[in-house]
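Welcome, and please have a look at the sequence and the model below.

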Amino acid sequence: MAATDVDIFSNEEKRNLSLGGHVGFDSLPDQLVSKSVTQGFCFNILCVGETGIGKSTLMNTLFNTMFENEEASHYQNGVYLRPRTYDLQESNVHLKLTIVDTVGFGDQINKEESYKPIVDYIDTQFENYLQEELKIKRSLFNYHDTRIHICLYFIAPTGHSLKSLDLVTMKKLDSKVNIIPIIAKADTISKSELHKFKIKIMSELVSNGVQIYQFPTDDGAVTEINSSMNAHLPFAVVGSVEEVKVGNKAVRARQYPWGVVQVENESHCDFVKLREMLIRVNMEDLREQTHARHYELYRRCKLEEMGFKDTDPDSQPFSLQETYEAKRKEFLGDLQRKEEEMRQMFVNKVKETEGELKEKERELHEKFEQLKRMHQEEKRKVEEKRRELEEEMNAFNRRKVAAETLSLSQPLKKDKDKKKVTYEKTSCPTSEKTGAMTVVKLLDFLCSSSS
Amino acid sequence: MTTNIRYKSRFMKSEESEDKQYVGFATLPNQVHRKSVKKGFDFTLMVAGESGLGKSTLVNSLFLTDLYKDRKLLNAEERINQTVEITKHTVDIEEKGVKLKLTIVDTPGFGDAVNNNECWKPITDYIDQQFEQYFRDESGLNRKNILDNRVHCCLYFIPPFGHGLRPVDVEFMKALHEKVNIVPLISKADCLTPNEVKKLKDRVRDEIEHFGIKVYQFPECDSDEEEEFKQMDKELKECTPFAVIGSNTVVEARGQRVRGRLYPWGIVEVENQSHCDFVKLRNMLIRSHMHDLKDVTCDVHYENYRAHCIQEMTSKLAQDNRTDSPLPILPLPTPDVETERLIKMKDEELKRMQEMLEKMQQQMHEKDQ
């Protein structure tokens, strides 16, 4: 019953009622203000520009302090970012200011990769915030927000147009951060040249689709000033921390032999406009834009990459859960499938190698058999020959015995003859005998080696 | 101006001692003067540096002409992949009867692309080409009308927005310092206070020395020059690299009409020595050292190129064709002892054979007779 009542009410139009007396919720903004004052504010500025163009000096001039800064060298191998955090206080308002400097920007001979470290840094800050947001136990109100709220892009005062590096870098940055282009060292451009230069820069930015930060013109109190300032972009600034006596005041200025350029003189440069816009009027809007536009864009892209979808408009946490589960199942399924595949492959491979090994074994066996047969053959032949030889030896021995008996029956007469004969006879049998001996030895040797 | 005065004073002195020893060759400088005025001079100046540093304005200010009418500048997106071009403008200007054929070689696109690897190559190629052309003409048969297009001086513009030389500056100067006289300049000096100018000049000088870059050095003065001249020369040398501002618009300052730049906080006068070094540059480039620049180009850079060229040619020829070369070959490496001995032996044999032949011939003659 109650649920349907609520439904009906939320579908009706909201009615405007007038109050009978003073209730007191008009103090809500004040409560908010006092809460945020106690919490303190956080602001992050990124300064992008060539070495020596005046980034550190401008920061010192804007915030009227001397932030520690060493002069950078021109010979860095690449671009790297140097973030520094400071705690400032004015009346009772605390500001945690982070200034990120690009060191080595524009110095290399090949500047095609110069924008990458900057984009990576911005993305990392977004990523850190996203991780914090997605945590189970999170403390966003305590979190030190390092996301870049504003990027001041310093343009060199050539007087012609933007440099190619400026264009390329700004195009890469315009969807990730609020960009305000400023013309640095503007005391080198005369008034007429400046006017032409500004028009040229803005037309180049527009024709290349670079979206720079527009001061908001929908907030009643500041519409007028903002829209007039929008027409003065890019601001031509001069920075200085040295003081020069002008009239009877000491003002921040640069002293030249031909005159004194006063930083806070509106007819000399647009420094005052920049300070107004950046700090005094639109700082909060810059933070909001960073969170509502740039960060949301980053988050959406990142989550879409991971495969999440917003199919259910009013129960977003649930769909996150569901899609998470679905993704998990899918992932596990994938994993299993891959495992199976790998196992299959492994088994196949094992089978293959087994088959190969069996083949080889069989071949070896065959060879062995063959060799064995050959060996048998040879042995048989050798045996035959041996038998023959033995027969010959036996025959010879018999002849020998016969001859000896013959010689014994006729001992005296035939001494000399006997000697001769024996001499002859001994020569023959020895040779024969040695011959037979060597053959026997050879046979023995062969038999032993073959066995 | 000062040089003219010097000639005249010398002439006067010799006239005083004219009684016995006056031969008359003291008029030689005047003769040279007359002939050169008749012949006319030529000078080729190259300007190099990134766009937007005021090169064209400075050239216009130096020579008080407008060389860059109807110039088309590229947009940033067109410049992303720009290559370096070489453009030449030639003008004939005349002053008090002296004609000067001035050629300005411009290098649009240098250092403008995102990837500037070897962006100085077209420039070095151009300079080498001019040397080569002159070399060919000089070695040719008809040498009457040689066109001298060699680059006599290169003004290199260093941006004042940084802390010193950048890698691209260093690489460019190192590639060119042995081919042309380099005069480095700090451009758009109206963005630097006097302290900053001094710091930057010291920095640039140190870095030039550190990297071993040979920029154009002013010749030493002779010891018999006047003190004033020596003083000027010393100041000139201490002021390098010159910090210049250019302008072609005339503004009203302190009741006078001067060339300058008008700012809300003051007027920068181009020809005011306390504002910038434009006057020093102009004096150096045009009034006192123009001829020296030409001489150094002819005597040093061109001779280096020529020697290098010839050496390459001979080493190539020696490789291809040992017996037959029109140019004198370098001596062959000394043969070793073994071959020498063999050669000697063979020689002796040959001699003996010849002697025997002669004897035999004699015998035959005797027999005949």
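Two strands count as paired if DSSP finds at least two bridges between them. Helices (H or I, at least four residues) and strands (E, at least two) are DSSP runs, numbered from the N terminus. This is a predicted model, in which local features need pLDDT of at least 70 and side-chain atom pairs count only at pLDDT 80 or more, while totals for chains, interfaces and linings use all residues. Residues are numbered from 1 along each chain as its sequence is written, chains are lettered from A and ligands numbered from 1 in the order in which they are written, and side-chain values use heavy atoms, with hydrogens and water left out.

Let us start with a hairpin. Strand E7 (residues 243-246) of chain A pairs with strand E8 (residues 249-256) of chain A in the antiparallel sense, over four bridges. Within this pair, Val244(A) sits opposite Val251(A) of E8(A). Two residues lie between the strands, and Gly247(A) takes a positive phi near 70°.

Chain A also has an open sheet of six strands with mixed pairing, in the order E2-E3-E1-E4-E5-E6. Its edges are strand E2 (80-90) and strand E6 (235-236) of chain A; each has a single partner strand, so one side of each is left without a neighbour in the sheet. Inside the sheet, strand E4 (residues 150-155) and strand E5 (residues 179-183) of chain A run parallel and are joined by five bridges. Leu152(A) has Ile180(A) in E5(A) as its bridge partner.

Helix H3 (residues 55-63) of chain A packs on this sheet, touching strand E1 (41-48), E2, strand E3 (93-103), E4 and E5 of chain A. Contact here means heavy atoms within 4.5 Å. The direction of H3(A) makes about 170° with that of E3(A); axes are lines fitted to C-alpha atoms, for helices over the stretch in contact, and angles run from 0 to 180 degrees between N-to-C directions. Helix H9 (residues 283-306) of chain A lies across E1, E3 and E4 of chain A, and runs at about 80° to E1(A).

UniProt lists residues 39-305 of chain A as "domain: Septin-type G" in an unreviewed entry; such annotations may be inferred rather than shown by experiment, and the positions are given in the numbering used here, with feature names shortened. In the model, the end C-alpha atoms of residues 39-305 of chain A lie 35 Å apart, and the span is 37% helix and 22% strand.

Two packed helices are described by the angle between their axes and the distance between the axes. The pairs here can be set side by side.

| Helix pair | Axes come within | Crossing angle |
|---|---|---|
| H4(A) (residues 115-134) and H5(A) (residues 164-173) | 10 Å | roughly 20° |
| H3(A) and H8(A) (residues 271-281) | 11 Å | roughly 70° |

With a crossing angle of roughly 70°, H3(A) is roughly perpendicular to H8(A). Angles under 35 degrees count as roughly parallel, over 145 as roughly antiparallel, 65 to 115 as roughly perpendicular and the rest as oblique. Leu58(A), Thr61(A), Leu62(A) and Phe63(A) of H3(A) meet Phe271(A), Leu274(A), Arg275(A), Leu278(A) and Ile279(A) of H8(A). The residues of this contact divide into seven nonpolar, one polar and one charged. Ala, Val, Leu, Ile, Met, Phe, Trp, Tyr, Cys and Pro count as nonpolar, Asp, Glu, Lys and Arg as charged, and the others, Gly among them, as polar.

For H4(A) and H5(A), the axes cross at roughly 20°, and that makes H4(A) roughly parallel to H5(A). The contact brings together Tyr115(A), Ile118(A), Val119(A) and Ile122(A) of H4(A) with Val168(A), Thr169(A), Lys172(A) and Leu173(A) of H5(A). Its residues divide into six nonpolar, one polar and one charged.

**Strands of chain B**

In chain B, strand E1 (residues 41-48) and strand E3 (residues 98-106) pair in the parallel sense over seven bridges, with Lys101(B) in E3(B) as the bridge partner of Asp42(B). Strand E2 (residues 87-95) of chain B pairs with E3(B) in the antiparallel sense over nine bridges. These two form a hairpin with two residues between them, and Lys96(B) in the turn has a positive phi of about 50°.

**Backbone details**

The peptide bond from Leu233(A) to Pro234(A) is cis, with omega near -10°. In chain B, a cis peptide bond joins Thr240(B) and Pro241(B), with omega about -10°.
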